[in-house]
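My plan is to look up a few things and write down each answer.

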Amino acid sequence: MSKLALDMLRTRFGADILETHDAHGDETAVVTPSLWKDVCQYLRTDPALDFDMLVDLCAVDYPARAGAGQRLEVVLHLYSIKKRHRLRLKARVGDATLLGADVDSLCDVWPGANWFEREVYDMSGVTFRGHPDLRRILLYPEFVGHPLLKDYPAQRTQPLVDYRSEAEAGVPLEKLAPFHDDEGMPFDRRGLVHPDPTSLEPS
Amino acid sequence: MIDLATTPTSAVIDHDAGFATTRFDALLHWAQKYSLFQYPFVTACCGMEFMSTMSPRFDLARFGAEAPRFSPRQSDVLWVVGTISQRQAPTLRRIYEQMMDPKWVIAFGTCASSGGFYDNYATVPGIDKIIRCDIYVPGCPPRPEAVLDGLMLLQDKIARGDRTAGVVKPRVDPVTALPGLRDGPDAPAEVTVEGVLDGDAP
């Protein structure tokens with residue numbers, strides 16, 4: 001079974017399989033984003049491949065690749081329960097401002113892709129064309145930006161409820177840091193609430 | 001004659017007359033601290049330790065706090081047990097506002113107290129950022145003994161009539177603070193182990 005899926009993909013799609021990788025039966029293919037859904041449809045329906053289970057869908061942010069329009073890497077993990085083989089499929093999309101960060105939705109191919117794609121949209125900002133209900137799934141609609149992008153500040157919060165002032169609380173709300181300044185986590189996030197979330201557009 | 005204004009106790013025993021006098025607010029606080037109806041706002045893994053504290057081995061009922069009420073309007077103590085995310089924060093604020101006065105809040109565990117190690121976009125860094133909080137119980141999760149200690153600290157606050165948010169004073173043993181029960185002329189004789197073993201005890 002080794003390399004079967006990669007060989008069949010290269011035979012079927014030729015130069016649109018941009019890159020392949022194979023180590024110890026762990027097979028990976030990078031495909032042209034415009035053929036994302038076609039490749040998946042082929043993998044799902046071909047009787048020799050028969051990838052009937054969508055295991056995982058996520059996205060990884062590579063800011064250094066933004067100049068080439070390949071900032072976000074959409075990663076799809078597939079498994080065939082009948083044939084017992086796996087495949088990892090990737091597509092690289094989007095520039096620094098997430099322009100062009102979109103691929104076709106796979107909800108028609110695997111219905112389970114629905115919530116995965118909503119999560120990827122919520123966390124990383126990839127848009128899935130043709131998704132029946134593409135809105136945030138983990139965060140709230142008022143949230144601005146996508147927290148798993150590398151340029152989202154790690155300490156920035158966007159509270160739904162206003163924090164109390166220390167005058168209202170009557171006690172100091174800052175916690176004593178258990179570590180020194182140069183170690184562990186900071187404990188001063190209250191002052192880092194972004195004053196105007198609408199200015200949080202990806203840069 | 002005992003000066004009521006300076007006596008730190010909640011009851012004064014008059015040994016000759018056979019009745020007890022007290023201040024009304026002390027009586028009220030005594031009643032409140034032993035009839036705490038609780039609202040468990042359980043969101044995360046601390047809930048397992050909360051169940052352990054509630055169950056018979058540790059037995060929260062010994063402190064008059066055994067009755068959970070899943071309506072905030074009927075409850076006195078809000079237990080915030082676990083991590084509070086920014087998305088849950090409006091719900092927690094609403095629950096707190098729906099509770100009737102007098103009401104108290106216990107932050108159960110590190111996440112409820114300070115956000116814990118969730119230092120990110122999604123987690124409220126401590127419930128005192130959005131509601132007032134009386135007692136913080138540290139631990140990840142806290143042991144049941146720590147929870148019981150927190151509950152007794154809250155009872156002390158209630159007995160003092162102390163509504164200061166988040167300020168906890170050292171415990172005072174109520175028995176030692178109650179003159180007359182141990183030191184008076186009618187104080188009961190100590191029952192020793194030897195006496196029981198000798199068969200002299202009733």
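Which residues in α2(B) meet which residues in α5(B)? I note first that the model is predicted. On the α2(B) side I find B:Glu49, B:Ser52 and B:Thr53. They meet B:Pro144, B:Val147 and B:Leu148 in α5(B). I sorted the residues of this contact by class: three are nonpolar, two are polar and one is charged.

Next I looked up how these helices pack. Helix α2 of chain B covers residues 46-54, and helix α5 of chain B covers residues 144-160. I read an angle of about 70° between them, and their axes are 9 Å apart.

Then I turned to the two chains. How many residues of chain B are in contact with chain A? I get 18, and they touch 20 residues of chain A. Helix α3 of chain B, residues 89-98, gives the largest share of the chain B side, with three residues. By class, I list seven nonpolar, five polar and six charged residues on that side.

Last entry: chain A. I count four helices and seven strands there. From the N terminus on, I write their order as α-β-β-α-β-β-β-β-α-β-α. Chain A has 203 residues, and 23% of them count as buried. I also checked contacts in chain A with a separation of 6 or more. Residues 24 or more positions apart account for 54% of those.

Definitions and conventions: Residues numbered from 1 in each chain as written. Chains lettered and ligands numbered in written order. Predicted model: local features only at pLDDT ≥ 70, side-chain atom pairs only at ≥ 80, totals over all residues. Axes fitted to C-alpha atoms, helices over the stretch in contact; angles between N-to-C directions. Helix = DSSP H or I, 4+ residues; strand = E, 2+ residues; numbered from the N terminus. Contact = placed C-beta atoms within 7 Å. Nonpolar A, V, L, I, M, F, W, Y, C, P; charged D, E, K, R; others polar. Buried ≥ 20, exposed ≤ 12 C-beta atoms within 10 Å, placed from the backbone.
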